[in-house]
Amino acid sequence: MLVRRFYDDRLAQASYLIACQRTGEGIVIDPARDVTPYLDAARDEGVRITRVTETHIHADFISGARELAARTGATPLLSAEGGADWQYGWAESDGAELLHEGDVITLGRVRLEVWHTPGHTPEHLAFVVIDSARSEEPVAMLSGDFLFVGDVGRPDLLEKAAKIEGTMAAGAQQLFDSLQRLATLPDHLQIWPGHGAGSACGKALGAVPTSTLGYERRSNWAFAIDNADDFIEAVLEGQPTPPRYFGTMKRMNRAGPTVLGPPSALPSLAADTLPAALGNSSVVDIRPAAAFAAAHRRGTLNIPLNKSFTTWAGWLLPYDRDITLIAAEPAIALEARRALQSIGLDRVRGAFGSAEILDGATVQSRKGDITRTEALLTEGRQILDVREPNEWDAGHIPGATHHPLGTLEESMADVARDTPIAVHCQGGGRSAIGTSVLERMGFSDVIDLSGGWSAWDAEARKATAT
């Protein structure tokens with residue numbers, strides 16, 4: 001049996017290629033939308049991708065199952081569990097085979113047994129892997145968003161992201177029941193999850209890529225609770241706010257994502273067309289925050305191309321508007337387009353070179369000292385804390401107001417544009433983005449408080465100790 005794991009750091013998302021080396025048949029589980037890595041791996045390993053499947057209808061990224069099937073001729077295998085409301089809209093048109101509890105996917109001497117494991121979503125499947133060339137004992141479970149290293153999938157996304165009322169508690173009960181079924185499986189079973197640390201599909205995912213069921217039984221909080229009511233309370237408590245785009249992903253993946261085909265070139269845009277782009281598109285400067293702060297064009301939005309890029313792009317960029325990029329190099333712009341396409345932001349029309357764009361009238365972002373907040377408030381400056389609600393609840397600067405970054409534009413829409421503002425987050429990354437959001441909205445006096453809550457809290461503790 002051949003196993004290849006693929007991981008997208010920006011999405012904290014894992015996918016897998018499993019193949020029988022004797023017959024050359026392969027299947028990809030939970031593919032990302034950029035299918036090039038799977039095509040390259042199959043070619044290098046000398047196997048054919050004959051089937052493609054996914055554990056559930058994803059909310060955090062565009063599934064590549066339809067794309068990969070179109071590019072390879074592989075048969076899509078899709079869940080038929082979860083009831084009528086949770087069936088794939090593209091299954092019939094694309095010739096998909098439907099999967100139910102107890103089905104078996106056979107690839108030569110490799111078998112994947114289908115388990116219906118609802119809770120994170122009603123249609124969720126997990127796949128128990130058997131390499132019969134070595135043993136009839138199961139070797140692994142592809143657990144998707146059902147079981148993670150150190151955590152379990154969150155059952156509240158349908159209600160919080162997809163706005164389907166009354167599903168949280170029922171999902172949590174289903175998740176508890178699904179976990180109880182694992183009692184029949186051996187400790188040695190490897191757990192190959194669909195996400196790692198940083199994913200918003202759970203609240204405490206471990207950074208270790210894989211685990212074993214035995215280790216999770218000993219170390220995962222979810223296995224320490226044997227009462228359903230206690231589990232429901234625990235699993236729903238403290239879940240992070242799901243990004244705005246999760247609901248859009250759910251709808252797109254259910255209906256069937258657009259098939260992109262092989263990557264095309266990204267047009268280079270002339271600098272003198274920037275004013276027009278600012279009027280009819282979202283212009284996103286993807287350079288690092290420090291470079292943007294030093295010099296940028298007024299009206300552009302800074303979302304640095306780092307591990308958080310897709311999250312904040314999904315929060316801040318509308319799906320019904322064109323996008324143009326500002327990047328230091330064409331290759332970086334292409335990488336950003338791939339990242340945007342991974343969450344369905346497909347309307348990237350071209351890229352400006354930053355050198356040409358900055359050869360004109362530029363502005364700078366102002367920096368401030370987080371330890372001077374009391375003086376700033378006395379001067380009449382409004383201090384905005386753009387962290388998440390759980391961070392705010394854990395501690396915040398006296399006198400600050402709470403405006404999470406993802407909804408900053410809406411919450412500040414009616415504030416006078418000449419209001420003096422200072423922005424902070426936990427460590428400085430989100431406040432830099434927030435500063436650019438406010439500047440783009442027309443606020444004329446904005447300061448980015450470097451160091452964030454971490455620096456303020458450290459200074460406050462030091463002062464208390466002395």
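**View 1. Leu-438 is a buried residue of the predicted model, with a relative accessibility of 0%**. Buried here denotes under 20% relative accessible area, exposed over 50%, and partly exposed in between, with a 1.4 Å probe and protein chains only. Leu-438 lies in helix α16 (residues 429-441); helices (H or I, at least four residues) and strands (E, at least two) are DSSP runs numbered from the N terminus. Leaving aside residues up to four places away in sequence, Leu-438 touches Leu-384, Leu-408, Met-412, Ile-421, Val-423, Phe-443 and Val-446, contact meaning heavy atoms within 4.5 Å. Between Leu-438 and Met-412, 26 residues apart in sequence, the C-alpha to C-alpha distance is 8.3 Å.

The model is predicted: local features need pLDDT of at least 70, side-chain atom pairs count only at pLDDT 80 or more, and totals for chains, interfaces and linings use all residues. Residues are numbered from 1 along each chain as its sequence is written, and side-chain values use heavy atoms, with hydrogens and water left out.

**View 2. Helix α4 (residues 168-181) packs with helix α6 (residues 228-236)**. Their axes, lines fitted to C-alpha atoms over the stretch in contact, are 9 Å apart at an angle of about 115°, where angles run from 0 to 180 degrees between N-to-C directions. Residues of α4 in the contact include Phe-176 and Leu-179, and those of α6 include Phe-231 and Ile-232.

**View 3. Cys-201 and Cys-425 are buried cysteines**. Cys-201 has a relative accessibility of 1%, and Cys-425 has a relative accessible area of 1%. The structure holds zero disulfides, a disulfide being a pair of cysteine sulfur atoms within 2.5 Å.
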